[in-house]
Amino acid sequence: MHNDLNSAYRVLSASELPDYLDSLPGVREVLGGTPSDWRVRDVADGNLNAVFLVDSPAGGLCVKQALPWVRVHGESWPLTAERALFEYSYMARLEPFVGCLAPKAYHFDPINYVIVMEKLEPHIILRKGLIAGQRFPLAARDTGAYIAAGAFHTSDLALPFERKFNDVALFARNQALLRITVDLVFTDPYVEVWRNRWTTPHLDQWTQFLRSDFAVKSAVADHRRNYLSNTQALIHGDLHTGSVMVTEDDTRVIDGEFASYGPIGFDLGAFLANMLVAWYAKAGHISEAAALHSYRQYLLDQIAVFWNAFHDRFLVLWESHELAGDAYPQSHFEGAPGAARLRKIRAAYLDQVFKDTIAFAAIKIIRRIVGYAQLADFEVIEDLALRAHAQAGALALAYSILTEPDRYTDIAALIDAVSRFEHAGLNPHALI
Ligand code: SR1
Ligand code: MG
């Protein structure tokens, strides 16, 4: 028994799920019928948790259980199942603000660390859709709006500090998951660690370069400090394209077990990184030039849509809400001069969020290429030379963002730069 678990905790199997669900309040109302009518499918494909879909003639549910280990690695990598509490608390906090941009949570079981939630159908994981070359007109816009709403309403702009501090304290207990982020995102890619992987031998030079270059390591250290010390808002903590489920006309953000208070740019950067990865990886998915160009243009358009949706929504929320938070009290900004000063403050605030966003995006690109958890976008490219070439382009952009941040003044400047790094090549020394 893992020592943080209640002795009643048990790992649930598909066969026992109907009777287990029947013991929970409200489940029969959603599924109808009796447990013998309920069909269970094991659909886990993320790194950490068990996930089941349960169907009945009348409806469906999704059941997610936090295992006391990292699912893809096995029991030799223990991990507290308490993460489900933080995921459920995150969903509950954001629900009033993000509404139907997230699945509805029906029930949380604090003994077995199970969340019973809305089954999303016919949604698919955004990453899979992008790899398949599908287009989702609302995904980027909705994800930007989701981040804006969640961040604004949990920040010092909207909350009195007492309420915010209580949540800072609650989510500060999500330390096992934050340790994964600190190690896997910010630290491991720059040192030799057993779990790092990369496309070898093609990216050996890049891997060695990232481990030895003080310019990149000091930039990463500054942003790691920001991640650890900046309690700007309640963030999802792992908001990549695998954490977004989509149809052509619906978007839902899932999997908030890495939730904590942190810089808003961390979530924005995660999504941005994965859209950029999709751009570089596409060369390994589509060989016909016009089709490749067209899909890449779609991705770049969606990157602009994503940032602008976040920016505009956040600004509207800030402008339209009575300033209930303690950061910028209304009494300090009365009249036309006060309003003018607030406009400048808002612009500077969002400018800083943009700087954070691109830096975290760069750090997240690097961790997905020379670290532990690699991305299907690249892994589906069977030709290793082609895969490494695409990855090197992404690494070169990331390196430039971290070491020459002033070149990236706005989202247009970033988008402009993407294709310039496509043929950066396998030798990073040639770039500097
Ligand atoms: C051991 S967990 C590895 C990664 O999977 C999750 O999706 C997070 O990105 C984490 O860093
Ligand atoms: Mg996740």
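Two strands pair if DSSP finds at least two bridges between them; the strands themselves (E, at least two residues) and the helices (H or I, at least four) are DSSP runs, numbered from the N terminus. The model is a predicted one, in which local features need pLDDT of at least 70 and side-chain atom pairs count only at pLDDT 80 or more, while totals for chains, interfaces and linings use all residues. Residues are numbered from 1 along each chain as its sequence is written, chains are lettered from A and ligands numbered from 1 in the order in which they are written, and side-chain values use heavy atoms, with hydrogens and water left out.

With that settled, let's look at an open sheet of five strands, which runs in the order S1-S2-S3-S7-S6 with antiparallel pairing. Strand S1 (39-42) and strand S6 (105-109) stand at its edges with a single partner strand each, so one side of each has no neighbour in the sheet. On average, neighbouring strands here are turned by 20° against each other, direction ignored; the axes behind this angle are lines fitted to C-alpha atoms, for helices over the stretch in contact, and angles in general run from 0 to 180 degrees between N-to-C directions.

## Inside that sheet

Strand S2 (residues 50-55) meets strand S3 (residues 60-65) in the antiparallel sense, over six bridges.

Strand S10 (residues 244-247) pairs with S11 in the antiparallel sense over four bridges, and Val 246 has Thr 251 in S11 as its bridge partner.

Strand S4 (residues 69-70) and strand S5 (residues 74-78) run antiparallel and are joined by two bridges. A hairpin of three residues links S4 to S5, and Trp 69 has Pro 78 in S5 as its bridge partner.

## Two cis prolines

Two peptide bonds deserve a look while you have the backbone on screen. The bond between Glu 121 and Pro 122 is cis, with omega of about 10°; Pro 122 lies in the loop between strand S7 (114-118) and strand S8 (124-125).

The bond between Thr 200 and Pro 201 is likewise cis, with omega of about 10°. Pro 201 is found in the loop between H7 and helix H8 (204-212).

## Around ligand 1

Ligand 1 has 13 residues around it, and those that come nearest are Asn 47, Asp 238, Phe 258, Arg 367 and Arg 368; a residue counts as near if one of its heavy atoms lies within 4 Å of the molecule. Polar contacts are pairs of N or O atoms within 3.5 Å; within protein, one atom must be able to donate a hydrogen and the other to accept it, and residues adjacent in sequence count only if both atoms are side-chain atoms. An N or O atom in the side chain of Asn 47 is 2.7 Å from an oxygen atom of ligand 1. For the side chain of Arg 367, the distance from an N or O atom to a ligand 1 oxygen is 2.7 Å, and a polar side-chain atom of Arg 368 lies 3.0 Å from an oxygen atom of ligand 1. On its own, ligand 1 has 320 Å² of accessible area, of which the protein covers 95%; such areas come from the Shrake-Rupley method with a 1.4 Å probe, and for residues only the protein chains shown count as cover.

Which elements give two or more residues to the shell around ligand 1? They are helix H7 (175-187) and helix H12 (335-370). Domain 1 (17-118) and domain 2 (124-431) each supply at least three residues of this shell, with domain bounds taken from an automatic or database domain assignment.
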